[in-house]
Amino acid sequence: MINIGDDIYAADELSFANGKSYNTGFLPSCAVVTSVIDGNSKETKIDFGTGCELPNGNVLGGILIFNSVKDTDLATKTVLLSMENFSFNAVQIEGGATIVRNRSNTAGNPNSEINFSFKGIWPNDIVRNIEGNRTREWIEGYGSGDWGDNVILINGESNFTTANNKVLNKKITIPLRREWSCRFIVSGTLEVVFEGLNYSLDFGNGSCDSKGILTKPDGTSEEIALIRFRR
């Protein structure tokens with residue numbers, strides 16, 4: 001949800017700056033995007049109807065709402081994410097996020113700093129909560145007009161709370177490298193702590209493959225298959 005909004009606003013900024021039309025190519029035709037400008041405010045809605053399948057196979061329903069100021073030329077812009085009757089693969093989602101978009105960080109790259117808090121409600125009334133933060137830094141391909149050459153570095157940490165109040169913590173210890181030309185994260189390390197047990201997942205050395213190395217609490221490691229996705 002956050003990535004969708006971040007990409008749409010990046011496309012708006014590029015279109016404004018370069019006078020060209022940019023499209024991430026991620027949203028299918030069943031997702032209807034509308035924007036309304038009221039004074040200095042802009043509201044963008046993405047309506048997925050009663051069920052709209054993304055290229056990665058996930059089915060979204062309801063509406064995502066993004067609110068910000070109208071000026072696309074600001075050095076820093078805050079985008080607020082909310083939702084109406086939103087669902088992800090039949091799980092009802094409530095909550096929201098704040099996305100602070102910076103046109104240029106200290107390295108000269110666009111980046112987004114995100115704080116989020118969501119609640120998932122399953123059809124059997126089981127509830128899960130997740131909250132945390134994430135940073136997405138666009139290190140390659142920005143403004144080229146070809147989304148296939150984009151490279152994003154992802155940092156952040158989140159806590160996932162189960163129905164019986166057990167907490168799973170996920171923390172990125174080495175930035176995850178996401179290349180649009182590959183369906184897998186190609187490098188970086190994610191650490192997971194659950195009930196005092198520590199796991200570590202190494203996504204590799206930069207090669208585009210489905211392999212990762214999972215290190216278990218006892219120190220043993222094994223190669224696992226990564227989930228592929230189109231983003």
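Tutor: Happy to; we'll take the disulfides and then the nonpolar cores. Keep in mind that this is a predicted model.

Student: Okay, how many disulfides does a search of the whole structure find?

Tutor: The search turns up two disulfides. Cys 30 pairs with Cys 52, with 2.0 Å between their sulfur atoms. Cys 182 pairs with Cys 208, and there the sulfur atoms are 2.1 Å apart.

Student: And what is the pairing if I number the bonded cysteines in sequence order?

Tutor: The pairing is then 1-2, 3-4.

Student: Let's stay with Cys 30 and Cys 52. Is that disulfide right-handed or left-handed?

Tutor: The torsion about its S-S bond is about 75°, so the disulfide is right-handed. The pair links distant parts of the chain, 22 residues apart. Cys 30 sits in the loop between α1 (2–18) and β1 (32–38), while Cys 52 is in strand β3 (residues 52–53).

Student: Are those two buried or exposed?

Tutor: Cys 30 is partly exposed, at a relative accessible area of 35%. Cys 52 has a relative accessible area of 1%, and the cut-off for buried is under 20%, so Cys 52 counts as buried.

Student: Now the other one. Where do Cys 182 and Cys 208 lie?

Tutor: Both are in loops: Cys 182 between β10 (167–179) and β11 (187–194), and Cys 208 between β12 (197–205) and β13 (211–215). The link is right-handed, with 90° about the S-S bond.

Student: Switching topic: which residues touch the most other members in the largest nonpolar core?

Tutor: That core has 23 residues, and the ones touching the most other members are Ile 2, Ile 46, Phe 48, Leu 64 and Phe 118. At least two residues come from each of α1, β4 (59–69), β5 (76–88), β6 (91–102) and β7 (111–121).

Student: Nice. What is Ile 46 in contact with, leaving aside its neighbours within four places in sequence?

Tutor: Its contacts include Ile 4, Ile 8 and Leu 27, then Ala 31, Val 32 and Val 33. Also among them are Gly 62, Ile 63, Leu 64 and Phe 66.

Student: Which residues does the second core include?

Tutor: This separate core has 16 residues, including Ala 10, Ile 154, Trp 180 and Ile 185.

Conventions:
Residues numbered from 1 in each chain as written. Predicted model: local features only at pLDDT ≥ 70, side-chain atom pairs only at ≥ 80, totals over all residues. Heavy atoms only, no water. Disulfide = S-S within 2.5 Å. Helix = DSSP H or I, 4+ residues; strand = E, 2+ residues; numbered from the N terminus. Buried < 20%, exposed > 50% of the residue type's maximum accessible area, 1.4 Å probe, protein only. Core = buried A, V, L, I, M, F, W, Y, C linked by side-chain atoms within 4.5 Å. Contact = heavy atoms within 4.5 Å.
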